Amino acid sequence: RDPLLRVYIGADAARQLASEQPLRPLMAAALLAAPTTPGETRTLLRAFGQGLTYSILPRFFKGAELQRRLSLLPEVGDRREIAFGSGLRMGMLVHEFYDVGDRMLLEYLRHVDPALHKPFARGLGAAYRWRLLGSPPADLDSPAIERLIQILPPPLEGDFRAGLGGSDAAF
């Protein structure tokens, strides 16, 4: 009966469905199309994006597999929200001392539709911000942030910094 509880349960189900082997695209689409408000839709799409990257230990992540799974999914809403969710997941993993995270980012950038890179970078920045105790300025500099910016193609730095600086918008 509690609408928030319904969204949280739906988000958990979306993460689980995204990580299942094999993907059940019609089942996932039914869940992702079920919300009644734009906020609920955004939450479930982002959770699905997180689930796509939960499904594999970081060292085994394959960008081509993520893209394949996305291509199996019928039209369910703005895929940029799914990409933002994948960025959120990876942003919780990557930092300057974790080379496996670097490889994961590169796999995503090499294999996933380039139209999804900007919202992915925003999600990456937003998740990195969430790891800090306060909200940093978008121009915050640290060895970990510099490492991420070196990995991301230069046109994505602004989107990464938008997420880092406080934007939770996928686009």
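1. In this predicted model, helix 1 (residues 3-19) and helix 2 (residues 25-32) have axes that come within 10 Å and cross at roughly 160 degrees. Because angles over 145 degrees count as roughly antiparallel, helix 1 is described as roughly antiparallel to helix 2, and the crossing of the two is left-handed.

2. The residues that make this contact are Gly 10, Ala 13, Ala 14 and Leu 17 on the side of helix 1, and Met 27, Ala 28, Leu 31 and Leu 32 on the side of helix 2. Sorted by class, the contact of helix 1 with helix 2 has seven nonpolar residues, one polar residue and no charged ones.

3. Which residues does Phe 48 touch, once its neighbours within four places in sequence are left aside? Phe 48 belongs to helix 3, and its contacts are Ala 14, Leu 17, Ala 18, Leu 23, Ala 28, Leu 32, Leu 73 and Ile 82. Among these, Ala 14 and Leu 17 also take part in the contact of helix 1 with helix 2, as do Ala 28 and Leu 32. The relative accessible area of Phe 48 is 0%, so the residue is buried.

4. Not counting residues up to four places away in sequence, Gln 50 touches Arg 15, Gly 85, Ser 86, Leu 88 and Arg 89.

5. Ser 86, one of the contacts of Gln 50, sits in helix 5 (residues 79-91) and counts as buried at 1% relative accessibility. Leaving aside neighbours within four places in sequence, Ser 86 is in contact with Gly 49, Gln 50, Leu 52, Thr 53, Leu 66, Tyr 108 and Phe 120.

6. Tyr 108 and Phe 120, both of which are in contact with Ser 86, also have rings that can be described together: the ring centres are 3.8 Å apart and the planes lie at 15 degrees, so the pair is stacked. The count of aromatic pairs comes to one. Tyr 108 in helix 6 and Phe 120 in helix 7 (residues 117-130) are 12 residues apart, and the pair links distant parts of the chain. Tyr 108 is buried, and so is Phe 120.

7. How do helix 6 and helix 8 pack, and at what angle? Helix 6 (residues 99-111) and helix 8 (residues 143-151) pack at an angle of about 30 degrees, with their axes 10 Å apart, which means that helix 6 is roughly parallel to helix 8. The crossing of these two helices is right-handed.

8. At that contact, Asp 99, Asp 102, Leu 105, Leu 106 and Leu 109 in helix 6 meet Arg 147, Leu 148 and Ile 151 in helix 8. By class, the contact of helix 6 with helix 8 is made up of five nonpolar, no polar and three charged residues.

Definitions and conventions
Residues are numbered from 1 along each chain as its sequence is written. This is a predicted model: local features need pLDDT of at least 70, side-chain atom pairs count only at pLDDT 80 or more; totals for chains, interfaces and linings use all residues. Side-chain values use heavy atoms; hydrogens and water are left out. Axes are lines fitted to C-alpha atoms, for helices over the stretch in contact, and angles run from 0 to 180 degrees between N-to-C directions. Helices (H or I, at least four residues) and strands (E, at least two) are DSSP runs, numbered from the N terminus. Angles under 35 degrees count as roughly parallel, over 145 as roughly antiparallel, 65 to 115 as roughly perpendicular and the rest as oblique. A crossing is left-handed if the near helix is turned anticlockwise from the far one by less than a right angle, and right-handed if clockwise. Contact means heavy atoms within 4.5 Å. Ala, Val, Leu, Ile, Met, Phe, Trp, Tyr, Cys and Pro count as nonpolar, Asp, Glu, Lys and Arg as charged, and the others, Gly among them, as polar. Buried means under 20% relative accessible area, exposed over 50%, partly exposed in between (1.4 Å probe, protein chains only). Rings of Phe, Tyr and Trp (its six-membered ring) pair if their centres lie within 6.5 Å; planes under 30 degrees apart count as stacked, over 60 as edge-to-face and the rest as tilted.
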